[in-house]
Structure formats: structure tokens, C-alpha cells
Amino acid sequence: MTDTFVIVGGDAAGMAAASKARREDPDLEIVVFEKGEWVSYGACGLPYYVKGEIQSLESLVSVTPEEFREERDIDLRTGHEVVEIDPDARTVTAEGDGGEVVQPYDHLLLATGAEAVAPPIDGTELEGVYTLGSMSDGKELREYVARARDGESFQQADRGPACRYLEDCSGPVGVVGGGYIGLEMAEALAANGFEVHLFQRSDRVLTGFSEATSEAVADHLRERDVALSLGSEVLELAGSEASEASDGASSDRTQSDDAAEVEAVVTADDRVPVEMVLLGTGVRPRTGLAEDAGIELGPTGAIATDAYRETNRPDVYAAGDCAEATHVVTGEPTHVPLALTANRHGRAVGQTVTGTPVEGGGVAGTAAVKVFDVEAARTGILDHDEARAAGFEPVSETITAKSRAGYYPEGGEVTITLTADRDSGRVLGASLVSEYGEGAVHRSHAIVAALTEGTTVSELENYDLAYAPPFNTTWDPVLVAAKVLGGDLRE
């Protein structure tokens, strides 16, 4: 009798594990429970779908459910929500249209992902308040934008950018949160003719990046007419009773005659009229199933695992946005809900359960974002308080250098903040920003390698990076940053 590998969750980590396990063991029984209809999709592409750069929601799907079932021989059960895990009996209980299913397992992977977090304020339940944490969320937002664009002719320019497509427009739209989703959705909405107000509780956007990066991105947002309210905590989303029913357009959020609609974003200093609000205030790991089953959480609030992604319960694994990973700089648990981590660790679990244990590696907290015509990246430890808590004595330098040879046309600049440990010289992290296409994101890869290998600043100075005038200067900006910071450390 063959073993049974059961997976809870059908996105990046879950389907990567299922696919790898199938390749490694053609006889393994693999059962995947997914409560939604979508699997193996690129959630990171949703803002670009809402914007209209990606035309089809289905194009975000890497592998369809039919392909998993028919071509990869995986028992994928969409529309099935797992409601209980019994590690002692080695079973999971799922509910679907056909009733309750109790499925035994030999190996179990929890890949339940993360969910969007609504801020603890009144009004988040109002009509016109959205999050972007799933394919259905993306569909609803795209329909909202489509109704706005199609509901009125382009001839009402005198009504201002927020109203030129809307017959009953009463004001701009609000975005709450200055992280990745908030900034990407600010671009998506502005590109569709909306006047965008972005509200951020802290005094800068992209708080996980350096101040230089945050300032460059904020300045660019203002250049693109996004109104920024920084250091402005949202106290309430105010609503009013709708006077009319929805226009009848197809939507999962059809309003009733008495549905309360969002009307304004209220802060301590202002009340900004809006007709829609996007909440981009972060995500949290989905851990309810694990907690109910006695599976331990770690200090980050995500599921704790060992290096092979196994939890405190034998043969129960966790990977992806619901689970912790080990930071390559600090060696401590961290929670990094990003696609590559989920895919890499899911794939490792798929190989581990088939008899060849694989760790899947640590993470550096590497991330990138595009905001209109600017790109930014970050990796490692940048915050000095965080670095000191990990036992380092941090020192940082920020430089701005040309992205290409000075005589080469169309070049721009790259600003890099590089952080290192004063005592050991070890590189701790970096934040980079440039015009889109001028290489901030790709240059971050060299620093990721340095972090992973425990490289010192003096060693980074001597990295043999590629040079040609269309791509960089003789001394790449990464090398310039290392030279400047290295000079500080040698003083």
C-alpha cells in the first residue's frame, strides 16, 4: 500500500509540493484540498490585472485544476474547506458540496497562506471597501474599475479626474496603507482616471526600505498626482445610506437599496470624501487550523517549523505564507509572505515526503516593487534597532551613482543604502531605488548573494560584476556603495 500525502491549500506552496512529490514518486497518493475555485495562481499579478495591463484573470493561473488532475494525476478537490486536523488519528476533515470528507494521511502539508488584514477601525464592512488578497478580490476590483470607465462618456473633463468616467461620482478614492499592495493599487487606480488619496499611519511609505528609498518613491507618487497623507492614522471609514440600488452591472458586491456605502476616510486632522477604499494594511498568516490541532506557532505568529518545514507534530509540515522561515542574516525565525519562499519551501517538502529530505533554504527578506516609473528593492536587515537586537553594531551609507556609462544615452541614477556590522564588516542589508529599467532590482541580487554567504563589505568591494556601457558604469553602483561604506569601517 502506498503512502498518502495530503495538502491543505492549493496555491504556491501547496501545488509546488504536490507537483514535486509526483515527479519524485509516481505511485504516491496525493490529495489536495482547496476551499476556493482557483489554484496555482500569481496573486502578485492582481494589481496589474486591476490596472488593465493584464487582460485575463485566467492568465494569472500557472496550471489549471484540470491539468493537475489529468496530466499530473493529483487528486485536487476544489471547493473543499478543511475544518479539522487530527494529528493523533492522522486525518483531516473537509467540507464540500458533497458533504463531509474524512481523509487519512501519512504526510500532511499545511499551506493555508495568509489573509488580508483590515485595520481595527469602524467602517471596514461598508459597501465600496475592498481588500486584495484573492482572485475573487481582484475580480471585484476589476469590475468596479470597469463600471467606472464604462458608466459615463469621456466628455466630462470639466468634472475633474476623479469624476470624468462616473455619472454619479462624488469624490476620489482612498488607499489605506503604504506598503506593496497600497502603492501598486494607487498606481492601478490612478492609471484608470481616479484621483487617489493614500493614507499611511507612519511618516513614510515602504517602511521596510531605507529612508532614501521611501523619500524617492513618495516624491514620485506626488509627481503622479497621488495625494499622500503620511503620519496620518485612519480613525474611521464613514458611511451613508445609499439612496439608489446598484446600476445592475454584474458584480459579486451588488448593493441593496439600503446598503451603507463608504463616504469618507476620517483621520485625526481631516475628513476626505471618497467613493471607494482599498485596504492595503498587510496580511497575517492563516493559522487557525494549526492552532486547533495543537501545532505550535513561533515568535512571529506564523507556524513554527524546523529546517525541513516539519512542525512539532510528526509528519505534519507547513510552508508558504502561513509558516516561518529562517533569516540568513540573523539565523532567527522570520515571516516573509512572498511567492519565491512559498514555491521553494513547498517544493522542498514535496521532495522530503518522498524520502529525500531537503531544507529549502533560508530567506533574506528580499522584495521589490514598481511604482509608476520607479522601481525599488530591499534585502536583509536595514533597521538599526533590529540589527542591534540581533547582536550587530550597524552602520549605513547612502550613495547615488549613475546607472550606465555617462556617455551612454538614456542613463539614470541608482540610489543605494548599504548597511553593515561595524565590528565584523559583514554586509547586513541594502535598499535600492532607481527609475524603472535602470537596475535597482537586478542590482539587489548581488547583495542577496553577499548576505547569504556572510560576505564582508571589503569582499563585496571586490565582486567581479559585469560591465558594459548600456548596463552600468565601470564601477557598478553596488561597488561604489561598498567602497564608501568600507571607507567608514576602516576609519
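This presentation describes selected features of one protein structure, which is a predicted model.

Let me begin with a pair of helices. Helix α1 covers residues 12-24, and helix α8 covers residues 339-352. These two helices pack at an angle of about 35 degrees, and their axes lie 7 Å apart. The crossing of α1 past α8 is right-handed. Which residues of α1 and α8 meet? On the α1 side they are Ala12, Ala13, Ala16, Ala17, Lys20, Ala21, Arg23 and Glu24. On the α8 side they are Ala342, Asn343, Gly346, Arg347, Gly350 and Gln351. Sorted by class, this contact of α1 with α8 holds six nonpolar, four polar and four charged residues.

Rolling a probe the size of a water molecule over the atoms shows where empty space is left. How many cavities of 30 Å³ or more does a search of the whole structure find? The search finds one. The largest cavity contains about 30 Å³ of space. Its lining is formed by Gly320, Ala323, Glu324, Ala325, Val336, Thr341 and His345. By class, three of these lining residues are nonpolar, three are polar and one is charged. Two of the lining residues, Thr341 and His345, have numbers that fall within the span of helix α8, residues 339-352.

Asp421 belongs to strand β24, residues 413-421. Is Asp421 buried or exposed? Asp421 counts as buried because its relative accessibility is 5%, and the cut-off for that class is under 20%. Apart from neighbours within four places in sequence, Asp421 is in contact with Phe392, Glu393, Arg426, Leu428 and Leu489. Leu432 stands 11 residues from Asp421 along the chain, and the C-alpha atoms of the two are separated by 19 Å.

Ser434 is located in strand β25, residues 427-435. Ser434 is likewise buried, at a relative accessible area of 5%. Leaving out residues up to four places away in sequence, Ser434 touches Asp373, Val374, Glu375, Glu413, Val414, Gly439 and Ala440. Two of these partners, Glu413 and Val414, carry numbers within strand β24, residues 413-421. As for distance across the model, Ser434 and Ala12 are 422 residues apart along the chain, with 30 Å between their C-alpha atoms.

Arg142 sits in helix α4, residues 135-150. Arg142 is a charged residue by class, yet it counts as buried, at 17% relative accessibility. Beyond its neighbours within four places in sequence, Arg142 is in contact with Tyr49, Val50, Gly52, Ile54 and Gln55.

Several residues of interest are in loops. Ser232 is placed in the loop between β12 (227-230) and β13 (234-241). This serine is buried, with a relative accessible area of 12%. Outside the four places on either side in sequence, Ser232 is in contact with Phe199, Gln200, Arg201 and Thr267.

Gly128 occupies the loop between β8 (114-116) and β9 (129-131). At 9% relative accessibility, Gly128 counts as buried. What is the distance in space between Gly128 and Val277, which are 149 residues apart in sequence? From C-alpha to C-alpha, Gly128 and Val277 are 6.3 Å apart.

Asp73 is in the loop between α3 (65-70) and β3 (75-78). The phi of Asp73 is near 55 degrees, a positive value in a residue other than glycine. Asp225, in the loop between α6 (211-223) and β12, also has a positive phi, of about 65 degrees, although it is not a glycine. Why does Asp225 count as exposed? Asp225 counts as exposed because its relative accessibility is 63%, and the exposed class begins over 50%.

Finally, Asp383 is found in the loop between β22 (374-380) and α9 (384-389). Asp383 is partly exposed, with a relative accessible area of 41%. Between the C-alpha atoms of Asp383 and Ala218 there are 19 Å, and these two residues are 165 apart along the chain.

Conventions:
Residues numbered from 1 in each chain as written. Predicted model: local features only at pLDDT ≥ 70, side-chain atom pairs only at ≥ 80, totals over all residues. Heavy atoms only, no water. Axes fitted to C-alpha atoms, helices over the stretch in contact; angles between N-to-C directions. Helix = DSSP H or I, 4+ residues; strand = E, 2+ residues; numbered from the N terminus. Left-handed = near helix turned anticlockwise from the far one by under 90°. Contact = heavy atoms within 4.5 Å. 1 Å grid on protein atoms, 1.4 Å probe; cavity = no way out; pocket = protein on both sides within 12 Å on 5 of 7 lines; lining within 4 Å. Points joined across faces, edges and corners; volume = space filled by probe spheres on them. Buried < 20%, exposed > 50% of the residue type's maximum accessible area, 1.4 Å probe, protein only.
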